[in-house]
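Work through the exercises below with the sequence and the 3D view at hand. Try each task before you read its solution.

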Amino acid sequence: MQNTRLNNLFDTIARSLGQWLVNPWRRLSLLLISWLFGFFLGSAVSTTAGQKAELDIVIAAFLVLLTEITSRIFYSRSFLARQALWVETLNFLKVGFIYSLFLEAFKLGS
């Protein structure tokens, strides 16, 4: 890429954000927020799709596809690549989402 002012600004912002997230407590808090957001998304999707009751099978297929793509991204990489923050955050989002769907299924079954 060319060395423009806009490119330099984005590089500086990315570098400072990366240095800010090196702190283990900030990384852990970001992962926890990602897990909680995935939990919220799972609850929101299941209630809105269940209430509408028109495209249940299509939505379920789409969610399974997204979950499998996320798993493919996370588990196809080497161990060091899995430590990348965006990959780990995406995996925690997926785990929270699946956990929420399991809890919704248990609520419906009881």
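**Exercise 1.** Decide whether F74 is buried or exposed, and do likewise for Y75.

*Solution.* Start with the cut-offs: buried means under 20% relative accessible area, exposed over 50%, and partly exposed in between, with a 1.4 Å probe and protein chains only. F74 has a relative accessible area of 12%, so F74 is buried. Y75 has 51%, so Y75 is exposed.

This is a predicted model: local features need pLDDT of at least 70, side-chain atom pairs count only at pLDDT 80 or more, and totals for chains, interfaces and linings use all residues. Residues are numbered from 1 along each chain as its sequence is written, and side-chain values use heavy atoms, with hydrogens and water left out.

**Exercise 2.** Classify the aromatic pair of F74 and Y75.

*Solution.* Rings of Phe, Tyr and Trp (its six-membered ring) pair if their centres lie within 6.5 Å; planes under 30 degrees apart are stacked, over 60 edge-to-face, and the rest tilted. By this rule there are five aromatic pairs. For F74 and Y75, the centres are 4.8 Å apart and the planes make 85 degrees, an edge-to-face pair. Elsewhere, ring pairs join W35, F39 and Y99 in a cluster.

**Exercise 3.** Find the salt bridges and state how exposed their residues are.

*Solution.* A salt bridge needs a side-chain nitrogen of Lys or Arg within 4 Å of a carboxyl oxygen of Asp or Glu. The structure holds two.

- Step one: R27 and E88 meet at 2.7 Å, N to O. The pair links distant parts of the chain, with R27 in helix α2 and E88 in helix α5, 61 residues apart. R27 has 22% relative accessibility, so it is partly exposed. E88 has 16%, so it is buried.
- Step two: K107 bridges to E104, with the closest N and O atoms 3.1 Å apart. Both lie in helix α5, three residues apart, about one turn of the helix. K107, at 53%, counts as exposed. E104, at 15%, counts as buried.

**Exercise 4.** At what angle do helices α2 and α5 pack?

*Solution.* Helices here are DSSP runs (H or I, at least four residues), numbered from the N terminus. α2 covers residues 24-52 and α5 residues 85-109; they pack at about 40 degrees, with axes 7 Å apart. That makes α2 oblique to α5.

Note on methods: Axes are lines fitted to C-alpha atoms, for helices over the stretch in contact, and angles run from 0 to 180 degrees between N-to-C directions. Helices (H or I, at least four residues) and strands (E, at least two) are DSSP runs, numbered from the N terminus. Angles under 35 degrees count as roughly parallel, over 145 as roughly antiparallel, 65 to 115 as roughly perpendicular and the rest as oblique.
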